[in-house]
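Here is a short briefing on one protein model. Keep the sequence and the 3D view open as you read.

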Amino acid sequence: MKLAADLRAFEERLGYHFRNPELLVRAVTHGSIASATRPDNQRLEFLGDRVLGLAMAEALLAADRGAAEGTLAPRFNALVRKETCAAVARQIGLGDVLKLGRSEMMSGGRRKEALLGDAMEAVIAAVHVDAGFETARDLVLRLWGGRIETVETDARDPKTALQEWAQARGQVPPNYLALGREGPDHQPIFTVEVRLESGESEQAKAGTKRAAEQAAARALLARMENGHG
């Protein structure tokens, strides 16, 4: 099987060339365009989630040999969560080569976090099936790169951290208020405000309400910790 030009270019960005190109085609095939003769990437995504998890667990244990499970768990979760997988997918232009049905394409599927994250896991699994775990692990460590070194900061859930900051100062938990939604249905933008009992607040915009809440919490926490409250 000969890959199309866009998938050959993706292999270059990925830094891996498949011995069995059909695995890559399957990894980028979404269920919206699948058929009896064109399987989707769900089974690969299932496997890739486990391959990614094992690669990251090993990397974290090697990076901090004295860390307790309670310290490692949030770092692990930050590295394997769907948002991180989607960010890596964007980094290598995976959305550009996704094979989607017309309705999914029209609704902005190439930019959707869940689709990108699932496809990234499927690509990892495809490499694992094609060349084994060590090659897949090396690919993961290369693509995730500096995220592993900086995960201690990323592992702090902003909403939880802000709540702990407020409660440590005798305040009630922060209040989140949805201020609005704009943009088309397939690409909405949510605006959220977070406010402390003491009156300080921050606003943020993002493609999901949860992401906007996290961004607002992160901004307010940074301001308060830097003494600009």
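The notes below cover a sheet, a pocket and one glycine. The model is predicted. Its three-stranded sheet is open and antiparallel, with the order 1-2-3. The second largest pocket holds about 160 Å³ of space. Gly 132 sits in a loop between two helices, helix 7 and helix 8.

**The sheet**
- The edges belong to strand 1 (175-182) and strand 3 (201-206); each has a single partner strand, so one side of each lacks a neighbour in the sheet.
- From one strand to the next, the twist averages 20°.
- Seven bridges join strand 1 to strand 2 (residues 189-195), in the antiparallel sense.
- Tyr 176 has Val 194, in strand 2, as its bridge partner.
- Helix 11 (residues 209-225) packs on the sheet and touches strand 1, strand 2 and strand 3.
- The direction of helix 11 makes about 145° with that of strand 3.

**The second largest pocket**
- Its lining comprises Met 1, Asn 20, Glu 22, Leu 23, Val 25, Arg 26, Thr 29, Thr 37, Arg 38 and Pro 39.
- By class, four lining residues are nonpolar, three are polar and three are charged.

**Gly 132**
- Is Gly 132 buried or partly exposed? Its relative accessible area is 23%, so Gly 132 counts as partly exposed; buried would mean under 20%.
- Gly 132 and Glu 104 are 28 residues apart along the chain, and their C-alpha atoms are separated by 32 Å.

Conventions: Residues are numbered from 1 along each chain as its sequence is written. This is a predicted model: local features need pLDDT of at least 70, side-chain atom pairs count only at pLDDT 80 or more; totals for chains, interfaces and linings use all residues. Side-chain values use heavy atoms; hydrogens and water are left out. Two strands pair if DSSP finds at least two bridges between them. Helices (H or I, at least four residues) and strands (E, at least two) are DSSP runs, numbered from the N terminus. Axes are lines fitted to C-alpha atoms, for helices over the stretch in contact, and angles run from 0 to 180 degrees between N-to-C directions. Contact means heavy atoms within 4.5 Å. On a 1 Å grid over the protein atoms alone, a cavity is a set of points where a 1.4 Å probe fits but cannot get out, and a pocket is an open set with protein on both sides within 12 Å along at least five of seven lines; lining residues have an atom within 4 Å of a point. Grid points are joined across faces, edges and corners, and a volume is the space filled by probe spheres set on the points. Ala, Val, Leu, Ile, Met, Phe, Trp, Tyr, Cys and Pro count as nonpolar, Asp, Glu, Lys and Arg as charged, and the others, Gly among them, as polar. Buried means under 20% relative accessible area, exposed over 50%, partly exposed in between (1.4 Å probe, protein chains only).
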